[in-house]
Every structure is written in C-alpha cells, then in structure tokens.
Amino acid sequence: MIKGLDVRANERQFIELKEYIDSIRQSQGILMQTLHKAQEIFGYLPIEVQKFIAHEVDVPLAEVYGVATFYTQFSITPKGKHKIGVCLGTACYVKGSQLVLDKLSKELKVSVGETTEDNEFTLEATRCLGCCGLAPVMMIDGDVYGKLEPKKIPEILAKYKD
Amino acid sequence: MKIFRSHVLVCGGTGCSSSNSALIKQRFEEKIKELNLDEEIQVVSTGCFGLCEEGPIVIIYPEGSFYARMTVERVDEICEEHLLKGRIVRKYLFDESAREEKIKPLSEVEFYKKQKRVALRNCGVINPEDISEYIARDGYMALGKVLTEMTPTEVIQLVKDSGLKGRGGAGFSTGMKWSFAAPNQADQKYVICNADEGDPGAFMDRSVLEGDPHAVLEAMAIAGYAIGATKGFIYVRAEYPIAVHRLEIAIKQAKETGLLGKNLFNSGFDFDVEIRLGAGAFVCGEETALMQSIEGKRGMSRNKPPFPANKGLWGKPTIINNVETLANVPQIILNGPGWFKSFGTVKSPGTKVFALGGKINNTGLVEVPMGTALREVIYDIGGGCPNNKEFKAVQTGGPSGGCLTKDHLDIPIDYDNLTAVGSMMGSGGMIVMDEDNCMVDIARFFLDFTVDESCGKCTPCREGTKRMLEILDKITEGKGTMEDLDKLEKLAINIKETSLCGLGQTAPNPVLSTLKYFRDEYEAHVLEKRCPAGVCQSLLRYIITMDCKGCTKCARICPVGAIEGKVKEIHVINQDKCIKCGACMDACTFHAIIKK
Ligand SMILES: Cc1cc2nc3c(=O)[nH]c(=O)nc-3n(C[C@H](O)[C@H](O)[C@H](O)COP(=O)(O)O)c2cc1C
Ligand code: SF4
Ligand code: SF4
Ligand code: SF4
Ligand code: FES
Ligand code: FES
C-alpha cells in the first residue's frame, strides 16, 4: 500500500506550490500548468496535493483527478529514484528497442510503468526522444544512452546501483 | 556587431546534445581562449544540422569544414591545426568531405545537395538563443512589412496565393483557414501553434523550435495581424525541454526588443505569445482536443463543426497551425507567392521536412521540394539501408499513415500521391525498414500505440482498435486464422468510417496498408506459423548449434528444465517445454544458442 503524504512534513512544498499558483492566477486555464509544477515539486501527484490544487484553483476534485489521470506524464503514484525511459518511437522500435525494454524489464523484475520494490528504478516507455540517429535509445535521469543492445544493459544499470 | 574571422558552429540539437556536444563547445571555448584567439573566433551553439547520424557535428566557417562524430579529445588538435595554423584536420572530417583530393564543404555533400531549405533555413546556421542573429538573416522583416505596408486582407490573399498547405498532416490551405477566422467579430481571437508533434518517430517540429524559434514567433504575429488576434499560444510537448527553453528565451528577447508586445512597429498592433505544455497525450495534437488541453481540461476531441475559426479556444475564433507551416510564412511574405511556388508541385507547392529514421544510413532531418521521389530521399540523401540489407518498406505518416514498398519508390511525394497509395504525408515521419523487420509486427506496434492513445470518447475507436490489436496479437503468436485477416479488414474499414476524430479515422491505415502490400507475411504467420523476418518472439525457436561445448550452463539456468544433455556433449532444447525466455542464449558463453 502507498502511504498517504504527510502534509505537515511537506509544508514547505505546499507553500512553494501556492506561490506558483498565485503567480499565474490571473491567466485562464491554469490547471495543467499547476499539475506540471506540482509534479516537479512533489515528484508525483498524491491525493493530498490534488485536493490542495482543487481548492486553490477552484475546480472540482473529480476534474483535477480526471486530468491528472488522463495524461501519461502525470503520475498519481510515487516514482523510483531513477527514471528509465526506453524510446519506443518508430525509429527506435524498428531497430530493436523493444528487446532493450524487455531486457530491462527482466533485469529489474518490473513491467513497463512499474517501480522496483526497493524504489530505485521506474521503468517507462517513451516516444521519440529526438535523437533517432542514436537509435535504439534510452534515457536514465536525463542521460541519454544510444546504439543500445540488450547485452549492454546490466553494465549501464550497475552505474546507478549503489 | 563584432566581426570574427572564423566561426565554430557546434550542433546543439537534441541528437548531438545527447552525445555531449555541450562539452565539445565548452572545450572549444577554453582552448580558443588559451590560444588567445577569442577575439577572432566565435563559438556558436546552433540547432540541428540535419545529419544527426554523424553527430556530434561541428562546422567551421568560412571554409565550411564538416567535422563529424566529434569528441572532446579532438578539439585541441582542431584548434591548434585548423584555427591557429589554417590546416584543416582531414582525418576528422565527415568521410565524404575528405574522400577526394579537394575537400568538400558542407554545402556540396550529397546529403545536402538535393535539399532545399526553407523551413529549416536557419537551423544549424544561427545561434537560436540570440535574436540579433535571426534579425541579421532578415528576421522580423516580414512582420515589419506586413504591419507597415499591408492590410490583413492582403496578407491573407498573399498566403492563399502561395498555395501553402498545413504541414501538420491534413494539408488544408493555410490562407483559406485564416480567411475563415478573419471576418468573425469577437472581443478576443487566438492564434495557436501546434507543437505537440505526436508522431512517435518524428522530430521535425522540435528541430525547428530548437534551431529557429523566432521564425515561429514572427509567423504567429503575422497570423495574428491577418485574422485580428492579439494573443498566441504555443502548445509544446513537455518532453521537449530544449525547445521549451529556447522558446522562452526567444519570447523574452522578442519582448525586450519590442518585436512582441504592444504597438509593434508603431502600427498599433499588439501581440503576445504564451507557452503551454502538453503532458503526453497523442490525441492532444488534434486541434479540438488541443484547445481543451490549453483550457486545462482532459484533451478529448469533439465534433466539427463548429470549426475553431468560428468557435475555438474558450469559444473564441481561433486558428491552429503547425510549427513547420508557420516557419514557411515569413519567407513567403518576403519572397512572394511566385517564389514559393517555384518549388514543389502545382498542387503542393513548397518543401517538406522529413525526419528520416530507422534502417537508413543517414538518419536525420531533410527538407526537399514537394514532388521529390521517395527513392531520392531514401537513396540519394539517406544513403539506403545499412549493412547491405535489402530495403523492404518505408512508413510515412506515423500512426495515421501506411507502409509502402519498393514498387512505390518512384512516386513523387505530395499529399495526394501518398494518400492515393494508402499512406499519408502526415507530419513528416519517414521510417525505413529492411528485410529484418516484420510488417505484421510493425502494424501491431502502431495499433498498440493508438489503443493506448485513444481518448475513449467514441466506441469504434475505443473498442474497435482494441479488437484489432487482439487479432494482431493472435497472429503474431501464431494463433491466427485466415478468417482473422478478413475480420481485421472489416473492422478497419468500419473504424475508419465511423470514428469521431482523425485519430480513429486513420488508426487502421498501418494495418490496411500492410495487409494490402505484405499479405504474404500475414499468411506466413497464419498458415505456416512462421515469422519470415524472425521478429515475432512466439514463433521463434531457440536452437543449440554445433558450437556447443557441453558446459551445461544453459541446462542449469533454464527455468523450465527444457534443456537436456551430458557434460561435454551437444545439448538439445525440448521445444515443447521451452517458454522462449531467452535465458539460455544470454548464458551461453560460446554463442552456441541461436534464435530462428
Ligand atoms: C490524432 C491527431 C493527431 C494530430 N497531431 C498533430 C501534431 O502532432 N502536430 C500537428 O501540427 N498537427 C497534428 N494534427 C493535425 C491538427 O489537428 C491540425 O490539423 C493541424 O495542427 C493544423 O495545422 P496546419 O493546418 O498548419 O497543418 C493531428 C491530428 C489528429 C487527428
Ligand atoms: S476517434 Fe478515438 S481519439 Fe478520436 S474522439 Fe473517438 S475515441 Fe477519441
Ligand atoms: S551453455 Fe552453450 S556451450 Fe554450454 S551447454 Fe549450453 S549451449 Fe552448450
Ligand atoms: S529459451 Fe528459456 S525456456 Fe527455452 S530453453 Fe532457453 S532457457 Fe529454457
Ligand atoms: S524514435 Fe527513438 S529517438 Fe527518435
Ligand atoms: S542534432 Fe546535431 S545534426 Fe541533428
């Protein structure tokens, strides 16, 4: 089970979010931007944060939840320490990125979209990362790894395991 | 402006940035300073040069020397030899540049020779983070001309006359679109730039934004003037951090310079632009869904009419144009419709940018006149398939498009021609496939994508695509029947005809086109339970070859005990037991296990 977010312990984060909302309040349609910011601050969108946003932006919680779950970039569950995104864009796919993804999934013992039990890695599939010249490509925390082969995976993962 | 004797252009596009071009630029700056050349030589970070395959790329002017596959280690030598002593370092040049006695500058390399750069005019040429470089290349001159010399009606007429069609996929006349929004009376109208670039294998729009963001801003202001809008939104994918960053800088600089904001060119016209981030939903590229998303809602398509030109963002008249469409506009204004029509075909004037990828030697961005044959793009510019593999298919139009065969290679590329053979121009993804790609698997790949991305509003798309995917899964697992192929076709046609928005209406295209042109592959999966390309996992068999040394490692690792054999004897896999996990193949240090 996922533990609820301790609102008190995260007070500073809530204040930061409130300041952001106040700074864009006069614009129209600010829910998406607010969710982006909240996800940046908290790493994900726990229900406590959704409630807070619903109140601050003055939209029903059901709508906040609806938007947060509609878009793949928003996550309502916490992510692992390292985020792995394997490109399943067409150019990477035809060069075998699915095999890279399968290998990662096997090594980490998680399916796509899941986080390892020790909360170290979240495995995701992404669309074109804009570097098809390096296909197949994956990204770990902003670092790009190109021209991948499944057998290179363990070595790369080792760099992130401490 | 300060005059430099030499310019070192380092590609700062996403491809090259991913292979550390920022460190290369930094080393150039340090070394040039060490050599006391920093007053004479300027280092500039640009947008994508196009030939990403050879990245990171560095071009040194005035010679136009094309250094490919650069590394930080090579920088010092190039500085000392080339920049200090004027001796081009041949061994680090792009292969083709150095092949002959006389060194070929960038502009004469085959990859660039057949291209015509209009939308990509400034990409890889200017520093996108410095508005003065854009201005030096006639930037904001078109906006000045429009605001001081032309009426909105004249602007619309000029764009109509040019024959420019939307580059976002549908290919609708841009001038017509503007003319629908112009007469509508409203207290507020909007211009939206669609930078959602949903095609999962394409990066044209991203590169324009990264390499020449001001061209898009200038065009949006021109569109605003033409239709009477004072506010613009750019809807960008959140996955494009570099593009967003450069746009932010561009907007800030344009405002500071008085090229965005109030009373532009003293004409009384105000125009402002705001960036809005998407959040990873393909359907938000569709214009009505996109507007919902900007409004902060779930991005769901709605019926048209009403069209955005009448009732768009927050119910106000709105025009939506694609990034590349807009990037053409300032050039058309400055050079006139006649100039624009001198490229391309009668029905589709101008050029088109393609993101060329997959099994092709020169992966990258290319811009060619409409009407160029697929063959020229794939072979003359793209250099054909690597490793002497045989070309099998080219996919255009992304998840809405189709796969074409070698019989189609001489088709001149334009909207009508591609649609006529069951594919689409789409936004410009062009993925090449070779003999090792399975076309059933590719169809499944795209359908998997659409099932994932369907917004769920209408049944044919939501349920129909799922049924199609199930059938394709069955086929790739070797459980398909010939009736399934008919069922697939019927479902496809039904979904095309009854879906509410473009996503559903085009989703079956990859399946239909592969069924049509690669039926033999489907039949091999169904009738022979065989994947001719050797891709579909369940149809593959793991086999131990004569190279087996009998080390027993594989037998010990197999999770289901499918491998038998004695020490120092050749092992055998029991195919009935094998679950195709691949563990044995990874474990064998003698590479004696193969997949067939
Ligand atoms: C499912 C779907 C996805 C789309 N994705 C994009 C996109 O990523 N970028 C884009 O410019 N147009 C996209 N379009 C087309 C837009 O709806 C719209 O036609 C286009 O932005 C208009 O601009 P243009 O006339 O300049 O092409 C998409 C359409 C559909 C149906
Ligand atoms: S066709 Fe698909 S994406 Fe479009 S409205 Fe219907 S369900 Fe949504
Ligand atoms: S691991 Fe390789 S060499 Fe060893 S028994 Fe298996 S197939 Fe033979
Ligand atoms: S593929 Fe897996 S199940 Fe099949 S023989 Fe090898 S280890 Fe055993
Ligand atoms: S498709 Fe993977 S980087 Fe473009
Ligand atoms: S990103 Fe450098 S050439 Fe394309």
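Which residues have the most contacts inside the largest nonpolar core? Select Ile84(A), Leu104(A), Met138(A) and Trp178(B), which hold that place in a core of 101 residues. A nonpolar core is a set of buried Ala, Val, Leu, Ile, Met, Phe, Trp, Tyr and Cys residues joined through side-chain atoms within 4.5 Å; buried means under 20% relative accessible area, with a 1.4 Å probe and protein chains only.

The model is predicted: local features need pLDDT of at least 70, side-chain atom pairs count only at pLDDT 80 or more, and totals for chains, interfaces and linings use all residues. Residues are numbered from 1 along each chain as its sequence is written, chains are lettered from A and ligands numbered from 1 in the order in which they are written, and side-chain values use heavy atoms, without hydrogens and water.

Next, select Trp178(B). Beyond its neighbours within four places in sequence, Trp178(B) is in contact (heavy atoms within 4.5 Å) with residues including Val155(B), Ile222(B), Ile319(B) and Val329(B).

Now display both chains. Here 57 residues of chain B are in contact with 35 residues of chain A. The buried area, that is, the accessible area (1.4 Å probe) that two parts lose on being put together, summed over both, is about 3,500 Å² between these chains. In chain B, Ala279(B), Arg298(B) and Phe445(B) lose the most area to chain A.

Finally, select ligand 2. Of the 13 residues around ligand 2 (a heavy atom within 4 Å), Cys455(B), Lys457(B), Cys458(B), Cys461(B) and Cys501(B) come nearest.

Key:
Buried means under 20% relative accessible area, exposed over 50%, partly exposed in between (1.4 Å probe, protein chains only).
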